Amino acid sequence: MKPTVGPTTTIREPRWPVAVSFLAVVGLYFSLPERLTPGPTWITTLAILLLLGSTIVTHRAERHDWNRISGILLLCVITAAVGWSLGRLIASLPDKRQAPIDLLRSAAALWISNVLVFAGWYWRLDAGGPHYRDLREKHTEGAFLFPQMTMPELQEDQGRQWKPGFVDYLFLAFNTSTAFSPTDVPVLSRWAKLLMMVQSCISLGTIAILAARAINIL
């Protein structure tokens, strides 16, 4: 039997899903042709791995301010790299130098990376970030209005109050990239609306321009 958790018990969200998602981004980005990366692919990959390692170390050492800085720097580097690669890929379309299968593979890698990166942004920034969400007994306010926040019967989970985890933000990012909208999670904050607009633009460029072009020339 699982132990009953009291309503005032602070439970930390596990961080391994976040680390796995960033490692997946590293793998996807490393699979891109070198002409689509800013400089040699290994340099960008190494920078991402070093910053990821820094976030893990600072989290374990409970240096929360440094963890937040490392996490934001990591997201900035990955977002800039994905945006740069997408721009390079779109700019190379008129030359028709890339094989259709390579174009599709690159577009898929960038689309998945886009979902994972912006899930990281929402997870990192919402309601002060994961550390401050862990300190609260329950999640009652933030940049997003999750359904559980409006339905008291869904708030209790094994005796503890509901809080959003990385999977909740991943679901939000996935919907934003596929439906170009937050679907069942209204957006309340201006910064979140701006981030979702950027994510939708990257997704639209990947799907509507690259994938359609590749299918056209198959």
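In the predicted model, F30 lies in helix α1, which covers residues 16-30, and its relative accessible area of 51% classes F30 as exposed, because the threshold for that class is over 50%. F30 belongs to a nonpolar patch on the surface that also includes W42, I43, L46 and L50, the five residues together presenting about 550 Å² of accessible area. Helix α2 (residues 41-60) contributes the largest share of this patch, namely four residues.

The largest nonpolar core comprises 46 residues, and those with the most contacts inside it are F22, L74, I78, Y122, F144 and F146. At least two residues of this core are supplied by each of α1, α2, α3, α4 (100-125), α6 (166-179) and α7, with the largest share, 12 residues, coming from α4.

Helix α3 (residues 64-91) contains 28 residues, which at 1.5 Å a residue should span 40 Å, and the distance of 40 Å between its end C-alpha atoms agrees with this expectation.

The side chain of T206 reaches the backbone oxygen of I202 at a distance of 2.8 Å.

Definitions and conventions:
Residues numbered from 1 in each chain as written. Predicted model: local features only at pLDDT ≥ 70, side-chain atom pairs only at ≥ 80, totals over all residues. Heavy atoms only, no water. Expected span 1.5 Å × (residues − 1). Patch = residues over 30% accessible without salt bridge, like charges linked within 9 Å, V, L, I, M, F, W, Y side chains within 5 Å. Areas by Shrake-Rupley, 256 points an atom, 1.4 Å probe, with all protein chains shown as cover. Salt bridge = Lys/Arg side-chain N within 4 Å of Asp/Glu carboxyl O. Buried < 20%, exposed > 50% of the residue type's maximum accessible area, 1.4 Å probe, protein only. Polar contact = N/O pair within 3.5 Å; in protein donor to acceptor, adjacent residues only side chain to side chain. Core = buried A, V, L, I, M, F, W, Y, C linked by side-chain atoms within 4.5 Å.
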